[in-house]
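Work through these exercises with the model open. Each task is followed by a solution in steps.

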Amino acid sequence: DGASYSLGHGLAEAIKTSISRRLASNTLDIPRLPHVAGRILELAHRPGTDVDDVVQAIATDPFMASRILSVANSAAYAGGASVSGLHPAVMRLGMKFVQDMVCAESVRLKVFSGRSYRSTLEQSWRLSLGTAIACDALARSTGLEREGAFMLGLLHDIGVPVLISAVSGYAKQNNDQALREDVVEILMSQLHEEVGAYVLRNWGMSDAFVSAARTHHLYRGSAKSTPAQKLVYAGNQICEHLGIASERRDVNFRFVEILSDLQLADTDKVSP
């Protein structure tokens with residue numbers, strides 16, 4: 001695409017320019033939304049969805065079906081006799097738990113499974129899952145985005161694995177020599193939100209998901225931020241404060257402000 005670069009000065013800017021062009025021309029390669037996750041998301045937003053619908057969707061993925069059965073029969077959930085079918089397994093675990101688990105496992109296996117820059121990928125995955133759990137808890141406390149809060153958090157950092165895949169392509173052009181860590185960090189900080197929005201838009205996700213991914217490090221105040229953006233920003237901040245995926249950070253002013261906007265100024269109210 002016309003980009004030229006070396007391991008010297010300007011590498012990050014050259015790659016950023018190249019990726020930005022691909023975003024603008026809608027030619028940046030992205031993974032497909034995992035089939036079973038896409039089907040579960042569709043069912044979650046369809047009125048009248050029942051257990052049989054969810055079971056049929058999960059049955060199309062033998063690995064996922066096995067995982068559901070394994071969890072349902074684990075010590076944490078098995079209150080009596082073991083279950084051998086998906087229907088009783090889903091009934092035992094609950095539809096929402098199953099839907100969230102299937103989506104999380106599918107995204108982890110299909111999108112966060114790259115081999116390059118594993119530490120960055122693993123850090124992003126821990127943050128994504130932690131933010132999903134935090135958003136779900138916040139949604140239960142506030143009533144905001146209750147149906148989609150978990151997925152909002154889970155997918156908010158989806159730009160990281162996709163950007164890593166793109167960066168790995170540039171490394172291959174350089175005789176498979178990995179880019180320096182500082183170069184990767186610059187690209188991640190400057191591009192992962194826009195790439196995430198690009199991915200979710202191409203996956204057909206709602207504007208709430210797209211805008212939350214695009215601005216999850218920015219809080220513009222109650223009047224200008226959507227409920228989805230508030231939840232994702234707050235969930236992300238909670239994870240940073242707890243040290244999930246990175247070093248523990250003190251709660252900053254913006255976090256306190258957003259909890260106040262969410263009418264959760266007392267942080268003790270924010271609990272699973």
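**Exercise 1.** Find which residues of helix H5 (residues 86-93) are buried, and where they pack.

*Solution.* 
Step 1. Helices are DSSP runs of H or I with at least four residues, numbered from the N terminus. Buried means under 20% relative accessible area, with a 1.4 Å probe and protein chains only.
Step 2. Apply them to H5. Leu86, Ala89, Val90 and Leu93 are its buried residues.
Step 3. Check their directions. These residues cover an arc of only 95° around the axis, so they lie on the same side of H5. The arc is that of the directions from the helix axis to the C-beta atoms. An α-helix has 3.6 residues a turn, so residues three or four places apart point the same way.
Step 4. List the partners. The buried residues of H5 pack against helix H3 (51-59), helix H4 (62-72) and helix H6 (95-110), where contact means heavy atoms within 4.5 Å.
Step 5. Look just past the helix. Gly94 follows H5 and has a positive phi, near 95°.

The model is predicted: local features need pLDDT of at least 70, side-chain atom pairs count only at pLDDT 80 or more, and totals for chains, interfaces and linings use all residues. Residues are numbered from 1 along each chain as its sequence is written, and side-chain values use heavy atoms, with hydrogens and water left out.

**Exercise 2.** Describe how H2 and H6 pack.

*Solution.* 
Step 1. Take the geometry. The axes of H2 and H6 are 9 Å apart, at an angle of about 150°. Axes are lines fitted to C-alpha atoms over the stretch in contact, and angles run from 0 to 180 degrees between N-to-C directions.
Step 2. Classify the angle. H2 and H6 are therefore roughly antiparallel, a class for angles over 145 degrees.
Step 3. Name the residues. Val36, Ala37, Ile40, Leu41 and Ala44 in H2 meet Gln99, Val102, Cys103 and Ser106 in H6.
Step 4. Zoom in on Ala37. Ala37 sits in H2 (residues 35-44) and is buried, at 1% relative accessibility. Not counting residues up to four places away in sequence, Ala37 touches Cys103 and Ser106. The C-alpha atoms of Ala37 and Cys103 are 4.7 Å apart, though 66 residues separate them along the chain.

**Exercise 3.** Count the disulfides.

*Solution.* 
Step 1. Set the rule: a pair of cysteine sulfur atoms within 2.5 Å.
Step 2. Note burial. Cys135 is buried at 1% relative accessibility, and Cys103 is buried at 2%.
Step 3. Conclude. The count is 0 disulfides.

Notes. Buried < 20%, exposed > 50% of the residue type's maximum accessible area, 1.4 Å probe, protein only. Helix = DSSP H or I, 4+ residues; strand = E, 2+ residues; numbered from the N terminus. Parallel < 35°, antiparallel > 145°, perpendicular 65-115°, else oblique.
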